[in-house]
Structure formats: C-alpha cells, structure tokens
Amino acid sequence: MQRVLEPEYMDTPEEADGYQDMDHSAANDAVVNDFLTLGGGSCASVIDLGTGPGDIPILLAQRSTIPSLVGIDAAEHMLRLARPKVDALGLSERITFQLADVKQLPFADNAFDGVFSNTILHHIPEPVFFLREAGRVLEPNGKLLIRDLYRPADEATVQQLVDLHAATANDYQRKLFYDSLCASLTLEEIRDCAADAGLGRARIEMTSDRHYTIEIGH
C-alpha cells in the first residue's frame with residue numbers, strides 16, 4: 001500500500017489532549033529501556049526530537065543521572081502539557097523544552113552526545129531532512145535511537161494491528177493509530193532514507209510487530 005501522509009503537527013488542544021489520553025506507557029518504557037541499554041545513561045546532554053507531552057524525557061530522567069535533557073516539538077500545545085509535569089516532579093533543572101522544527105534544529109553541529117525520538121518520523125513528509133538533522137547534532141561517538149511505526153503491506157494488516165493494540169481505545173484514538181500506520185515507512189524505505197541522510201552506519205531492524213528502530217552506538 002502507498003504511504004498516506006497525515007498532518008505534520010498535532011497542534012490543537014483537542015489533538016494534544018487526545019494524544020496524551022492514549023496509553024503510551026508500554027512503548028515509552030520500551031524506548032527508554034533500549035536507549036539505556038545502548039549506553040544512553042552515560043550521556044551528558046540528550047535531545048528528544050518530537051517530545052510531544054514530554055513523557056519520555058521525564059521517564060529517562062527518572063531512570064538515569066543524565067544531567068541535561070532537551071525536548072523539542074513544533075506543537076506548542078504539546079509543550080504546554082509537558083512543562084507543568086516537569087515542574088511538578090522537580091525536574092526543571094534537568095529537563096527543558098523548546099519550540100522547534102525537527103527538520104531545522106536550532107543547535108550547533110555535534111551539540112548532543114545522545115539523540116532519541118519515538119514515533120515522530122512518520123509525521124514528516126520528507127524523512128531524510130529529519131534524519132540528517134538528527135545525525136548533524138549528534139557527537140561522532142554519541143548514542144542515537146529513533147523508533148517509529150512501520151507501514152504494513154496492505155490495509156487488512158493495518159486494521160489487524162489497530163484491533164490488537166487499540167482494542168480499548170475510543171474511535172478518535174483508533175483513527176489516529178490507523179492513520180499513523182498508513183503514514184509510516186516500510187523498512188526498505190527507512191533504510192534508503194537513512195543512507196541518503198548520511199546514517200548508513202546505523203543499525204535498522206524491526207523491534208516489534210509495528211515498530212522499527214534506528215540505532216547508533218554500542
């Protein structure tokens with residue numbers, strides 16, 4: 001099946017609240033665990049590309065001693081959900097949020113020794129731009145982990161995944177998940193994009209029935 005793009009930003013109160021109300025705990029837990037297994041816990045400065053409501057930087061801060069975590073997102077309504085949570089948990093000295101476009105990051109080359117992102121890439125019409133920026137701000141010996149949904153071969157498989165993983169979700173949330181799967185890339189497509197972006201050294205493989213992961217590090 002062909003890729004069907006969805007909106008690049010979820011920047012209305014309804015979209016932000018609808019996303020936050022979905023249960024992402026298992027996926028968030030998995031991506032944080034894998035980043036730490038990659039060695040991300042030893043990083044000094046980490047950026048989360050497309051942080052949404054900020055749950056992953058919070059979880060990473062709670063499970064590590066990383067002194068500086070920056071979450072960026074192009075949707076101000078998402079960041080409005082993220083900031084109060086950080087303040088309430090007393091993590092504002094370690095976690096900061098910034099409004100920014102992942103395709104044009106306002107940071108110098110090699111600015112971070114850790115880069116990670118979870119299920120944002122499928123929102124980007126031109127994934128190479130995202131991946132090129134992720135590689136640009138990563139230190140040469142840094143850790144990178146990007147996880148996203150993959151696009152199945154047919155609509156029937158998409159619906160099966162929605163039925164399996166969003167069985168208790170409401171109709172709006174099920175549609176969000178369905179649309180995200182249709183907007184995602186195949187494994188072959190993401191490997192081509194990574195190579196075009198200068199990330200040919202990255203490991204790219206399926207890591208669940210609906211996710212692939214791009215990794216750099218040991």
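A crossing of two helices is right-handed if the near helix is turned clockwise from the far one by less than a right angle. In this predicted model, helix α5 passes helix α8 in a right-handed crossing. Helix α5 comprises residues 127-136 and helix α8 residues 187-196; their axes come within 8 Å and cross at roughly 50 degrees. That angle makes α5 oblique to α8. On the α5 side the contact involves Pro127, Val128, Leu131 and Arg132, which meet Ile190, Cys193, Ala194 and Asp196 in α8.

Helix α8 has four residues listed as buried: Leu187, Ile190, Cys193 and Ala194. Around the helix axis they cover an arc of only 125 degrees, which puts them on the same side of α8. An α-helix has 3.6 residues a turn, so residues three or four places apart point the same way. Glu188 and Asp196, in contrast, are exposed on the other side of α8. The cover over the buried residues of α8 includes α5 together with the strands β6 (203-206) and β7 (211-216). Just after the helix, Gly198 takes a positive phi of about 85 degrees.

At the start of the helix, a side-chain oxygen of Asp154 reaches to within 3.2 Å of the backbone nitrogen of Ala156.

Helices α2 (residues 25-37) and α3 (residues 55-62) form another packed pair, with an angle of about 50 degrees and axes 10 Å apart. This makes α2 oblique to α3, and the crossing of α2 and α3 is right-handed. Asn28, Asp29, Val31, Val32, Phe35 and Leu36 in α2 meet Asp55, Ile56, Leu59 and Leu60 in α3.

Two residues in strands were examined individually. Ile47 lies in strand β1 (residues 45-49) and is buried, with a relative accessible area of 0%. Beyond its neighbours within four places in sequence, Ile47 is in contact with Val70, Ile72, Phe107, Phe112, Gly114, Val115 and Phe116. Between Ile47 and Glu133 there are 86 residues in sequence and 12 Å in space, C-alpha to C-alpha.

Arg147 has its place in strand β5 (residues 138-149). With a relative accessible area of 5%, Arg147 is buried. Its side chain is joined to that of Thr213 by a polar contact of 2.7 Å. Again leaving aside neighbours within four places in sequence, Arg147 is in contact with Ala30, Val31, Asp34, Ser117, Asn118, Thr119, Thr207, His211, Tyr212 and Thr213.

Backbone angles were considered next. Most residues other than glycine have a negative phi. Thr119, one of the residues in contact with Arg147, has a positive phi of about 50 degrees although it is not a glycine. Thr119 lies in the loop between β4 and α5, and at 14% relative accessibility it counts as buried. Asn110, also not a glycine, has a positive phi of about 60 degrees. Its position is in the loop between β3 (95-99) and β4 (112-118). At 40% relative accessibility, Asn110 counts as partly exposed, since that class lies between the limits of 20% and 50%.

Methods. Residues are numbered from 1 along each chain as its sequence is written. This is a predicted model: local features need pLDDT of at least 70, side-chain atom pairs count only at pLDDT 80 or more; totals for chains, interfaces and linings use all residues. Side-chain values use heavy atoms; hydrogens and water are left out. A polar contact is a pair of N or O atoms within 3.5 Å; within protein, one must be able to donate a hydrogen and the other to accept it, and residues adjacent in sequence count only if both atoms are side-chain atoms. Buried means under 20% relative accessible area, exposed over 50%, partly exposed in between (1.4 Å probe, protein chains only). Contact means heavy atoms within 4.5 Å. Axes are lines fitted to C-alpha atoms, for helices over the stretch in contact, and angles run from 0 to 180 degrees between N-to-C directions. Angles under 35 degrees count as roughly parallel, over 145 as roughly antiparallel, 65 to 115 as roughly perpendicular and the rest as oblique. The arc is that of the directions from the helix axis to the C-beta atoms.
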